Amino acid sequence: MLRIALLGEVTAEVDGRSVDLGPARQRCVLAALAVDAGRLVPADRLVERVWGTDTPRRGRATLHSHISRLRGAFSGAVAIVHRSGGYLLVLDRPDQVDLLRFRALCAEARGEGPRAVALLTEALALWQGDPLTGLRGEWVDGERERWLRERLAAEHQLVDARLLAGQGEELVAQLAVRSTQDPFDERVAGQYMLALHRAGRSADALDYYRQLRERLVEELGTDPGSALQDLHRQILAADPQLLVAPRTAATASIVVPRQLLAVPAPFVGRRDELDRLDATLSTGPGGGTALISSIGGAGGIGKTWLALTWGHRNLARFADGQLFVDLRGFSPTEQPAHPVDVLGGFLAALGIDRDRQPADLDGRAELYRSLVADKRMLVVLDNATGTDQVTPLLPGGHHCTVLVTSRNQLRGLIARHGARPVPLDVLTDTDAHTLLVDALGPDRTAADEGAIAELIELCGGFPLALGLIAARAAADPHLPLRDIVAELRTLGLNALDSDDPTASLPTVLSWSLRHLTDQQREVFALLGIAPGPDIGPPAAASVADLPERETHAVLAVLADASLIDRTPGGRYGMHDLLRAYATTRADELSNEVREAALERVLDYHAQTAYAADRILNPHRSVAELDPPKAGAHQPPDAQAAWAWFDAEYACLLAAQHLAADFSWHVTVWWLAWAMDTYVFRRGHRSDRLDAWLAAADAATHVPNPIARITAHRALGRCYADLVRHEDAIDHLQQALALAEDHRDPIQQAHTHHALARAWELRGDDRQALGHARSALDIHRSLDQPVWEADALNGVGWYAARLGDYDSARDHCRAALTLHRDHDNPDGEANTLDSLGFIDHESGNHRQAIDHYDQALTVYRDLGNAFQVADTLDRIGHPHAAIGQTEQARTAWWAAVKLYHEQGRHDDATRVQRQLETVAAGRK
């Protein structure tokens, strides 16, 4: 017979013969297997347990070597099986490992009387000192601490059992020591007071209570708990019941309720959530119990599914039974269950006839807590509406595990009762695929993997939606999956409707709205039609037409009801199916209400984008078109402006599309204009083009010619950056012609500047220089120093490209002075970049590097990733010219990365070739 000891030094015996387990690492391998004897332990987990962060380079191979030596040491008496990427220690019985036997004995000792005393005494006799003696490591230390807590819990449990058996005097000496070691442990204090009382030392018991109370008040600012206060009163009153043992398990009427519903199949995924529930159970008070876990999430997300699955997987831990109730918090036809009625059912299940139960809530709650206080039971409170409904149903003591499911986030339960939240999100694509395969069979799903992938995408990982689709397909095995996909794409949420309310996703979601106010329901509906994948509180306030403080309150209610999700950055999102449901609710509102909400939020986006752009690019020429009305949201500085654009970017694009759908032409144009600095500096070239295409179309409906001129010029710039030269020149020529027709010199100058850039990219620097000089002449005549500086830099840049470095340098230095005089960092960076190019082409490579470095600093401060990429490309050349190949490589690798991020793949390929040339040169 094999015996493995872990509760002391790690040893093993086979038929009474000691086994040489080898060095400490090898003994640690055995311990890591033994704690999970009978279960497969992944090899990676074993390596982590044995070595932790000091894992050898060939960790798996070293592990296998240790296991081979262990097999040899046991001479075949022990099977250590390799299977599915892990190892399994096979035992005839779990009690062959002292730790597992200890736990089994403690679990069995749940009753009263001599048997419990005997079992716990036997369990504690298995301990031979500190567990895992001689072994070290993070896993070992953690296990050792946990097992010591289990031993302490068993010791407490044994004292309770001995007191229940009528003992007292025999325990005084032991409890005197323990009360000194744990002076604030009220459980120990109660045991000690009762033992003293039974030993005839009631005065000592009362004096000990007085001292304990003084310490608690002085050091913790609290009185003893109610249980200890009750015991104190009983001792004061010389209650005779304290001197006799209560009835034993042999004489008690034992009722073991088994109310847990069957697990709805199939169950997939949720590994992290199951592990979290397991961890809560293993670290709870009393050496292995969790008080409360609160499982939260939207309707149809699988809360009950998870609770029942976990409960059935852990039935062995709850030998005293399971209680289950549907609290009907979100029932469409019934009122939420009242706690007094629920308690009546629980008490009946526990063997208390209804005619013997107290009639009032407090009386039933007290009796319920008394009956289950020392039992190891699972209580599942499903579909709770709020903390007040749950609180009277919480059991007393420290041995029951409670699972509460709710669509609401039960913050009061977490704050007041220490509940551990277990939020549920959608299933991963892998788990969703597994669910469909389990429901439909591998052959049917393998026959049309494309349709399965589309179903997973359309359901978005929502378990109820996936279940409804699977049920529909399973009910008609001859129905092609493609037909279900087509129906779901065409009908949307209506395809998930049903006459059975429990099998209808729209109906299930509607139940979440029952407890909301009319205002909250309306805001939820309007959020469904707001543009973009998520929303920030200021935009939500615009949608709701409420002050921000009041909007925050409504958003908090919707988030607590799992109708919207809090996302990083203080924003709120919504699952696609919930958004589709919200949209159906918005359809019930009047057109005036919907359009007014959309106008407000689009006005917010246009206002704030305009304000943020003025911060990022204050010297940008403002078109003579009425700007959006002054908005309440004004970013305080450039950092805040960048953060706002980053957060709202997807919403801004969606807002422009929505404005185009409603033919709100001025808003379409202004959104393109207000986003332009941001999209250019971030390198979003395709989005920039799409925005200006929409703006150009809208501009034909705007009477002010500035709108058309600006749109054509912006399109020319977009096409030039996308290397679509013919389109670029065509749009820029149209812009120039319109500007000349309307005798607008400012627009002419800006368009000449854009034409210069377009001709440069087309490869004609002489044409570019001509347009740059035209821009310079106009800006000088209009006394516009910032734009004059920009034109000076343009002339200098194109002169340099044509080899006229002296003239180029003069123009760029003049430009740099003007930019600095007028605090225009964007123009300063552009000019520094030009000077770097001039220096490099003139052979002044170190000066070129200095100018490029200065330009990079300013570009990065401005968030101008587009120009950073170009300057990184350029700075590599002077580095390479003076033999600084590593610096050149570093700059070019960074440029390649940025080019790819910005979709500038031709530029990335070109720089990649430069890297290859440098690498070849080094060889």
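# Notebook: loops and helix packing

I began with Val 723, which I found in the loop between helix 32 (705-721) and helix 33 (725-741). Helices and strands are DSSP runs numbered from the N terminus, helices being H or I with at least four residues and strands E with at least two. I note here that this is a predicted model, in which local features need pLDDT of at least 70 and side-chain atom pairs count only at pLDDT 80 or more, while totals for chains, interfaces and linings use all residues. Residues are numbered from 1 along each chain as its sequence is written, and side-chain values use heavy atoms, with hydrogens and water left out.

**Backbone at the loops**

I looked up the phi of Val 723 and found a positive value of about 60°, although the residue is not a glycine. Most residues other than glycine have a negative phi, so I kept the entry. With a relative accessible area of 52%, Val 723 is exposed; here exposed means over 50% relative accessible area, buried under 20% and partly exposed in between, for a 1.4 Å probe and protein chains only.

Asn 383, also not a glycine, has a positive phi near 65°, and I located it in the loop between strand 9 (378-382) and helix 16 (387-390).

Thr 700 sits in the loop between helix 31 (685-699) and helix 32 and counts as exposed at 54% relative accessibility; its C-alpha is 8.8 Å from that of His 665, 35 residues away along the chain. Gly 22 belongs to the loop between strand 3 (17-18) and helix 1 (24-34) and, at 32% relative accessibility, counts as partly exposed. Between Gly 22 and His 66, 44 residues apart in sequence, the C-alpha distance is 9.1 Å.

**Arg 162**

Is Arg 162 buried or exposed? It lies in helix 6 (residues 138-164), and its relative accessibility of 18% makes it buried. Setting aside neighbours within four places in sequence, I listed Val 117, Gln 167, Glu 170, Leu 171 and Gln 174 as its contacts, where contact means heavy atoms within 4.5 Å.

Helix 40 (residues 865-881) has 17 residues and reaches 25 Å from its first C-alpha to its last, close to the 24 Å expected at 1.5 Å a residue; the expected span is 1.5 Å times one less than the number of residues. Because 14 of its 17 residues are buried, helix 40 is largely enclosed by the rest of the structure. After this helix comes Gly 883, with a positive phi near 85°.

**Helix pairs**

For the pairs I used axes that are lines fitted to C-alpha atoms over the stretch in contact, with angles running from 0 to 180 degrees between N-to-C directions. Angles under 35 degrees count as roughly parallel, over 145 as roughly antiparallel, 65 to 115 as roughly perpendicular and the rest as oblique.

Helix 30 (residues 665-682) packs against helix 40 at about 30°, with the axes 4 Å apart, which makes the two roughly parallel. Phe 680, Arg 681 and Arg 682 of helix 30 meet Ala 865, Phe 866 and Gln 867 of helix 40. By class I recorded three nonpolar, one polar and two charged residues in the contact of helix 30 with helix 40, taking Ala, Val, Leu, Ile, Met, Phe, Trp, Tyr, Cys and Pro as nonpolar, Asp, Glu, Lys and Arg as charged, and the others, Gly among them, as polar.

Helix 24 (residues 518-529) and helix 27 (residues 576-586) have axes that come within 7 Å and cross at roughly 115°, so helix 24 is roughly perpendicular to helix 27. Among the residues in this contact are Arg 521 and Phe 524 of helix 24 and Leu 578 and Tyr 581 of helix 27; the contact has eight nonpolar, two polar and three charged residues.

Helix 34 (residues 745-762) and helix 35 (residues 765-781) cross at roughly 160°, their axes coming within 8 Å, and are therefore roughly antiparallel to each other. The contact includes His 750, His 753 and Trp 759 of helix 34 and His 771, Ile 778 and His 779 of helix 35. I noted its division into nine nonpolar, eight polar and two charged residues.
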